[in-house]
Structures are given as C-alpha cells and as structure tokens.
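Biologist: I would like a close look at a single part of this model. Please keep to what can be computed from it.

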Amino acid sequence: MLKLKKADYAAIRAHGEETYPYECCGVLLGQMDDDGVRIVTTAARCGNTRDDSPRNRYHIDPKELIRIQREGRDRGEDIIGFYHSHPDHPAQWSSTDLAEAHWFGCSYVITAVAKGKAAITNSFELTGFDENDKKLVDEKVEVA
C-alpha cells in the first residue's frame, strides 16, 4: 500500500496538468513502515529530459535523481517510488513503463490526464528479484 498526503496527491495531479500534453515525472520520498506500507513524506518534481518522445515517455536526469536522493537522506527519507503522467492515455502501466522500471519494492504512480485534466491516478508496486521476473502489481493508494 502507498499512503499519500492530500497535498502531495493534489501536487502530483497538478504537475500532470501543467505539463500536458507531455508527461510529467517525479520522485516519491518517505519511509516504509513495519507492515511494508510506503508512506510518502515528499513528492519531488523532476524535469522530463526525454526529447525524442515526451508525449509518451519520460526520463529523469540521473544527476537530478542523485540530488533528490541526497536531499531526502539528509531529512531521513528514502526513495520509495516514482510518478509520471499519461497524457490522453489510461492510468495503467505500459510495456515501456515496465521495461524502464528498475527500483524493486518501489511504487510507480501513474495519473491519466485527459484533455489537460487529471483523471484517474493508480499505483503499482515493482515486484520480483531481477529484470527477468519483474512485474508491476496493482497497489492500493490511501490519500489522507
């Protein structure tokens, strides 16, 4: 399960609306509790550095990711997930999303943005042990 504050949930959805018709992306920082629930304490916006197909692909600059990870660690946060938008496409992972997901045990949040308005937001956990058996599995999202 993934727990998000209302403000972070709203910010993720707003980010998708702001970048429409291109995909937005960002990093979710926080902690995992003893029951395996990922609790988001910070949603960090990132720039989509994908220049070949930003309408249906995203890429986070590794330097930006390292900076966000370091800043999070200074606050006692770990990377527990990522988010991106799907402009005019369902909030379901694509084969590209699965191929480019590499952080096992993390949440991957996808917001469908239809004609510029955030619609459905879903989350998926990346499970498995290596690249050959990885899967994105539906994950419950709690917004409080």
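How many bridges join strand 5 (residues 107–114) to strand 6 (residues 117–127), and do the two run parallel or antiparallel?

Modeller: This is a predicted model, in which local features need pLDDT of at least 70 and side-chain atom pairs count only at pLDDT 80 or more, while totals for chains, interfaces and linings use all residues. Residues are numbered from 1 along each chain as its sequence is written, and side-chain values use heavy atoms, with hydrogens and water left out.

Seven bridges join strand 5 to strand 6, and the two run antiparallel. Strands here are DSSP runs of E of at least two residues, and helices are runs of H or I of at least four, numbered from the N terminus; two strands pair if DSSP finds at least two bridges between them. Two residues separate strand 5 from strand 6 in a hairpin, and K115 in the turn has a positive phi of about 50 degrees. Strand 6 is also joined to strand 7 (residues 135–139) by five bridges, again antiparallel; there S123 has E139 as its bridge partner.

Y108 has F124 in strand 6 as its bridge partner.
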